[in-house]
Amino acid sequence: MFIDQVNIHVKSGKGGDGMVHFRREKFVPLGGPDGGDGGRGGNVIFEVKATLNTLSAFRQNEKFSADPGKNGGGSEKTGRGGKDLIIYVPPGTVIYDAESGSLLGDLTTPGQQLLVCKGGRGGLGNQHYATSRNQAPRMAERGEPHEEKMLRLELKLIADIGIIGLPNAGKSTLLAALTNAKPKIGDYPFTTLEPNLGVAHIDDDTTVVMADIPGLIEGAAEGAGLGHDFLRHIQRTRVLIHMVDGLGEDPLADFSQINSELALFDPNLAKKPQIVVLNKIDQPDVQERLKTIKASFKKKKIELITASAMARTNTRDILIAAYRKLSELPAEELEESIPVYRPPVDPNQFEIQQEEGNKWRVSGVAIERSAKMTYWEHDGSLRRFQKLMEKLGVDKALREAGVQEGDTVHIGDFELEWKD
């Protein structure tokens with residue numbers, strides 16, 4: 001099944017914990033601290049894989065986690081780093097932060113990578129805290145916490161030539177006639193449910209990628225039918241083959257309707273070069289009206305190619321005309337989205353809120369991260385955390401807010417008792 005938009009949850013690896021350890025060997029009376037550092041947690045990275053053309057793999061798996069780093073060991077042994085998680089996506093995948101809606105990356109080139117969640121730093125072992133005044137430090141760091149995000153992935157098909165038109169105009173039939181694609185073809189009164197890709201051969205050394213874009217109905221730009229989901233696929237194609245159903249009541253009106261929908265969704269779509277094809281000329285009803293239809297298009301100065309995709313009449317002429325248009329275009333430069341500038345968040349900032357009764361909550365990036373990286377069972381680590389609270393001003397702010405002896409202070413997931 002073709003899936004062009006999914007929401008997934010990704011989580012990087014937590015850093016490994018640093019170790020509190022002392023060297024103990026025979027005949028070495030003053031071994032000293034030798035606790036090793038924790039390993040780095042694995043990153044979450046997206047990478048473009050050319051052989052993929054759908055996001056359907058994410059339908060069965062919506063949660064992805066990188067490996068955590070290993071804990072440090074004695075003899076200054078650093079824990080092994082967590083393996084990075086590589087998530088493969090098809091060319092044309094656009095990645096957004098699902099909560100804020102901000103654009104994180106637009107992946108188009110095979111091999112292109114995007115780091116979305118950075119693995120946590122490994123905690124420092126007690127070897128780093130030895131000083132001339134404290135030669136046996138009983139303190140270390142736990143690993144830095146992981147990062148996690150909810151992401152929205154959207155796929156915009158990357159094709160050189162897109163085939164557009166109303167439902168049942170003959171788009172899938174033309175794609176099958178020109179390429180190796182095998183779309184489901186029939187006289188359906190509704191639109192194809194998914195785009196189809198195929199490769200067309202111009203000559204022995206030249207090929208182009210073609211996409212049959214599902215048929216658009218009136219109101220597609222406002223989200224009617226399946227329009228919104230599929231209009232985005234046309235944005236990446238460079239030349240459009242506009243199929244007009246010769247059996248339609250008013251082919252020129254049908255042609256105008258599709259162009260209106262394109263312009264309403266994205267004004268740039270209406271500016272793309274088009275090859276206009278009047279399909280089904282093998283039908284007697286079309287033959288009777290052919291002269292009148294040609295005249296109506298000529299009056300609007302629209303060059304028309306007559307063809308029958310089913311009978312494969314003039315289909316090669318359509319391909320050559322589209323390729324010539326493609327060759328005339330300058331080398332493609334991917335349009336960069338306008339960057340959204342947000343003021344950087346100071347990690348040292350914090351907020352204090354009084355909850356029910358004698359309970360307080362301290363919120364802030366640096367203070368919460370430090371709480372997670374503290375060994376609460378070691379007195380040295382507790383003193384270090386207390387000094388950090390004083391340095392950040394948390395201690396002073398709590399006193400000014402009115403904290404009392406015995407009150408409970410929550411920092412992240414941790415619950416502390418306040419003592420003067």
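In helix α8 (residues 394-401), the buried residues include Val-394, Asp-395 and Leu-398. Because these residues span an arc of only 100° around the axis, they lie on the same side of α8. The model described here is predicted.

**Surroundings of helix α8**
- Lys-396 and Glu-400 are exposed on the other side of α8.
- The cover over the buried residues of α8 includes the strands β15 (351-354), β16 (359-363) and β17 (408-411), together with the helices α6 (365-372) and α7 (379-392).
- Gly-402 follows α8 and has a positive phi, near 110°.

**Nonpolar cores**
- The largest nonpolar core comprises 23 residues, and Leu-174, Val-208, Met-210, Ile-241 and Val-277 have the most contacts inside it.
- At least two residues of this core come from each of β9 (161-165), α1, β10 (196-203), β11 (206-212), β12 (239-245), β13 (274-279) and α5.
- Helix α5 provides the largest share, with five residues.
- Beyond its neighbours within four places in sequence, Val-208 is in contact with residues including Ile-161, Val-199, Leu-319 and Tyr-323.
- A second, separate core has 20 residues, among them Val-10, Ala-66, Ile-87 and Leu-155.

**Packing of α1 against α5**
- Helices α1 (residues 171-178) and α5 (residues 315-328) pack at about 85°, and their axes are 10 Å apart.
- This angle means that α1 is roughly perpendicular to α5.
- Leu-174, Ala-177 and Leu-178 of α1 make the contact with Thr-315, Arg-316, Ile-318 and Leu-319 of α5.
- Of the residues in this contact, five are nonpolar, one is polar and one is charged.

Notes. Residues are numbered from 1 along each chain as its sequence is written. This is a predicted model: local features need pLDDT of at least 70, side-chain atom pairs count only at pLDDT 80 or more; totals for chains, interfaces and linings use all residues. Side-chain values use heavy atoms; hydrogens and water are left out. Axes are lines fitted to C-alpha atoms, for helices over the stretch in contact, and angles run from 0 to 180 degrees between N-to-C directions. Helices (H or I, at least four residues) and strands (E, at least two) are DSSP runs, numbered from the N terminus. Angles under 35 degrees count as roughly parallel, over 145 as roughly antiparallel, 65 to 115 as roughly perpendicular and the rest as oblique. Contact means heavy atoms within 4.5 Å. Ala, Val, Leu, Ile, Met, Phe, Trp, Tyr, Cys and Pro count as nonpolar, Asp, Glu, Lys and Arg as charged, and the others, Gly among them, as polar. A nonpolar core is a set of buried Ala, Val, Leu, Ile, Met, Phe, Trp, Tyr and Cys residues joined through side-chain atoms within 4.5 Å. Buried means under 20% relative accessible area, exposed over 50%, partly exposed in between (1.4 Å probe, protein chains only). The arc is that of the directions from the helix axis to the C-beta atoms.
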